[in-house]
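Reader: I would like to go through this protein with you, one question at a time. Could you show me the sequence and the model?

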Amino acid sequence: MSGSWVMWDERYTAYDFGPGHPMHPSRLDLTYRLATALGLLDHDDVEVVPVEPARVADLLTVHSPDHVTEVKKVSADPSLARGRHGVGTEDTPAFAGMHEASSYGVGGTLAACEAVWSGRTKRAVNIAGGMHHAMPEASAGFCVYNDIAVGIKRMLDLGAERVVYLDLDVHHGDGVERVFWNDPRVLTVSMHESGRALYPGTGFPGDTGGPKAQDTAVNIALPPGTGDEGWLRAYQAVVPTIVRAFNPQVVVSQHGCDCHYADPLAHLTVSMDALAVACGWVAELAEDTAEGRWVSLGGGGYELVDVVPRAWTHLIGVVTGRPVDPSAPVPQSWRDYVLEVYGREAPTLMGDRGGRPIRYGRWEDGYQPEDPVDSAIMATRRAIFPGWGLDPYFD
């Protein structure tokens, strides 16, 4: 069994909505180059795995035939796009080959899920995955197909009975929640900026799952400006406790890095250092609850040079068992490449805080009702914890 898989294919970069769109494929290429420059992929227990595109039959396990048909039609001729099924809208524009390009991202996640569930590898990462907004019947929010839901559905079909999906993107993981809203086998946990301030306007604490799956949708809706201390505090106050109560067989996590303070589309003001800490915590959670079975994915993130490559390189480092110290220098070869190709200076360090610690406090040390972050945390704990026999104040 390989220690960890890193899914990669140059064709990932064909997922390109065109000039000016926030989700530019350069972020994938730059991440892979940075991980390579740091030597994270050059180890016997790390396998860089080529990707095959998902088949239409795979997509149809989650998406409607009409949706897939529309994507394929517009993929062949973008001029036919009319916004049907969310294809060819302002946020998810049509482009030639979009079906094929999207199918590679789904294929990478599907292969990662199959490998982790079967025991071929313990951990796997697919930075081209994490397209959490796509709905069964429509593309949405830059996401053509929902690779996460397809991957989780495959594990369920292979016999999984308890899957945790943990979404750390700044936006609510609405598409994945929708697919498994009424399925008690999947616990969806989304920690995001409040829908009152940010797309897609959903994901409130009272949204807790369908009638057959009550208390299996967990939404931590944080106020703008939450920052490192509040963001990590929210994670620790909710995620480990509820995940342990669910007792998963496998953890699937989405690591959109658009909660970073430099991201142009959101307002949570989290640092690179906190993102790296969270990657380590998810790995520990998988070890503690799911015998280490962990599939990790990319997602959002729209500061293409300063943020995404470093954030997902930290993720790759954790997945491959070689976490990168935030105080480590960014390799000069990578910085030279960025200057040559993009004409801008790249960060010099893998973190933002210069070694300053993050003091997020422990929930058990006291709940502060006047604090907006603590208030948001408590709303989630009150909505979810009692259904699992947990005390919102003390567990």
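Author: Here are some questions and answers about this predicted model.

Reader: Let's begin with helix α10. Which of its residues are buried?

Author: Happy to start there. Helix α10 covers residues 332-342, and a residue counts as buried when its relative accessible area is under 20%. In α10 the buried residues are Trp334, Arg335 and Val338.

Reader: Why do the buried residues of α10 line one face of the helix?

Author: The buried residues are Trp334, Arg335 and Val338. Looking down the axis of α10, you find these buried residues within a limited arc, so they line one face of the helix; that arc is 100°.

Reader: What covers the buried residues of α10, and which residue follows the helix?

Author: The cover includes two other helices, α1 (26-37) and α9 (308-319). At the other question, the residue after α10 has a positive phi, near 65°. That residue is Gly343.

Reader: On to strand β3. How many of its residues are buried?

Author: Strand β3 runs over residues 121-126 and is mostly covered. Of its six residues, the number buried is five.

Reader: Which residue of β8 is the bridge partner of Ala124?

Author: Strand β3 is joined to strand β8 (residues 294-297) by four bridges, and the two run parallel. Within this pairing, Ala124 has its bridge partner in β8, and that partner is Val295.

Reader: Is Ser75 buried or exposed?

Author: Ser75 is part of helix α3, residues 65-76. Leaving aside residues up to four places away in sequence, Ser75 touches Phe95, Ala96, Gly97, Met98, His99 and Glu100. Its relative accessibility is 6%, and because the cut-off for buried is under 20%, Ser75 counts as buried.

Reader: Now the charged side chains. How many salt bridges does the count come to?

Author: The count takes a side-chain nitrogen of Lys or Arg within 4 Å of a carboxyl oxygen of Asp or Glu. Among the residues involved, Arg55, Asp58, Glu114 and Arg154 are linked in a network of salt bridges. By this rule the count comes to 25.

Reader: How many residues apart in sequence are the parts that Asp45 and Arg322 tie together?

Author: The side chains of Asp45 and Arg322 meet in a salt bridge, N to O, at 3.2 Å. Asp45 sits in the loop between α1 and β2 (46-49), while Arg322 sits in the loop between α9 and α10, so the pair ties together parts whose separation is 277 residues.

Reader: Are Asp45 and Arg322 buried or partly exposed?

Author: The relative accessibility of Asp45 is 34%. For Arg322 the relative accessible area is 26%.

Reader: Which residue forms a salt bridge with Glu137?

Author: Glu137 lies in the loop between β3 and α5 (147-157), and its partner lies in helix α6 (residues 174-179), so the pair ties together parts that are 41 residues apart in sequence. The closest N and O atoms are 3.4 Å apart. The partner is Arg178.

Reader: Last one: in which helix do Asp157 and Lys153 lie?

Author: These two form a salt bridge with their closest N and O atoms 3.0 Å apart. Asp157 is partly exposed at 48%, and Lys153 is partly exposed at 25%. They are four residues apart, about one turn of the helix, and both lie in α5.

Key:
Residues numbered from 1 in each chain as written. Predicted model: local features only at pLDDT ≥ 70, side-chain atom pairs only at ≥ 80, totals over all residues. Heavy atoms only, no water. Buried < 20%, exposed > 50% of the residue type's maximum accessible area, 1.4 Å probe, protein only. Arc of directions from axis to C-beta. Contact = heavy atoms within 4.5 Å. Pairing = 2+ DSSP bridges.
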